[in-house]
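Good morning, and thank you for the time.

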Amino acid sequence: MKTTPLSALPLDADRALALAHTTLDIEAAAVLGLKRHLDASFAQAVGLMLAVRGRVVVMGMGKSGHIGRKIAATLASTGSAAMFVHPAEASHGDLGMIQPVDVVLAISNSGESEEINAILPMIKRLGAPLVGMAGNPQSTLARYANVFLNSSVDKEACPLNLAPTASTTAQLALGDALAVALLDARGFKAEDFARSHPGGALGRKLLTLVSDIMRSGDQVPHVPGSASFSALMREMSNKGLGAAAIVDEAGHVQGIFTDGDLRRLIEKGADLRSCTAAQVMHSQPSTIAHDALAVDAAELMEQRCITSVLVVDPAGVLCGALNSNDLMRAKVI
């Protein structure tokens, strides 16, 4: 079969841009139009999902199914146990995934999806509360639902008024509204979100501790206060931190000496050959606890315009160190 090369297809750029504007206008109006449908039933749906002892089981066919998968994922990532069950597969055994302790959220623009309607009597018989989301308040889904959410739109963005466009955007927005109301009711915090997103940037910031990325043991440059300046420089060079801690016999941090301190002393013309570590150290170093968040260490460095920080235990004993490179390797900054 002969096909026309894409380069040969005519394109009216102005019309394409105009249609894009129209699409956005129609879909924006569809989302805003949902506000007039919101009533006590929305709060009832949130209440059912908040009190559920099992999961929120989301169902939908076709494009509504794709939206349903996203809604289930959003609910799950914001503190509400949720999963998606395909209605057609439910008729062939997957209905066993739904338990009386669950809440079912069924999504259908028409409210007359055959695959969903075929299992509605079974869901009712099972005793799982049913929240229906549809664009037709008189539909079969609306009649079966314990709580009905009206997602109707005036028209689709499709010029033929056929392809699900504005209707699926409205479903997605209504699903997001449910998720936001639920996470607020649960007292869901950023830390909770991070626990379900450990691989993301927020997860790294809110879950990574200083102890997870700090240098420890022999990797930490440190010398006693009596150490010669030459010994101090050798320790700094060998450990590659750009700084060294000065500690007492018990390991308590007394001070720090950094590459910046060295540059400043050289600029002053100081005779360093006879100096000890205690004589050249900065006696009030920035420190942080090993169980602090790594992002707090990054903030401390930024506030004080430093690139290294010493890690101490509650007694002030040196137990580690880290610099900005360590934070960048851990993707905290």
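Let me begin with Gln284, which is located in the loop that joins helix 14 (277–280) to strand 9. Helices (H or I, at least four residues) and strands (E, at least two) are DSSP runs, numbered from the N terminus. The model is predicted: local features need pLDDT of at least 70, side-chain atom pairs count only at pLDDT 80 or more, and totals for chains, interfaces and linings use all residues. Residues are numbered from 1 along each chain as its sequence is written, and side-chain values use heavy atoms, with hydrogens and water left out.

Is Gln284 buried or exposed? Its relative accessible area is 65%, so Gln284 is exposed; buried means under 20%, exposed over 50%, and partly exposed in between, with a 1.4 Å probe and protein chains only. Between Gln284 and Leu310 there are 11 Å in space, C-alpha to C-alpha, and 26 residues in sequence.

Leu310, in strand 10, stands opposite Thr287. Strand 9 and strand 10 (residues 308–312) pair in parallel over three bridges, where pairing requires at least two bridges found by DSSP. They belong to an open, mixed sheet of three strands, ordered 9-10-11. Its edge strands, each pairing on one side only, are strand 9 (287–289) and strand 11 (318–323).

Finally, the whole structure contains one aromatic pair, where ring centres must lie within 6.5 Å, and planes under 30 degrees apart count as stacked, over 60 as edge-to-face and the rest as tilted. The rings of Phe229 and Phe257 have centres 5.8 Å apart and planes at 85 degrees, so this pair is edge-to-face. Phe229 and Phe257 are both buried.

Notes. Rings of Phe, Tyr and Trp (its six-membered ring) pair if their centres lie within 6.5 Å; planes under 30 degrees apart count as stacked, over 60 as edge-to-face and the rest as tilted.
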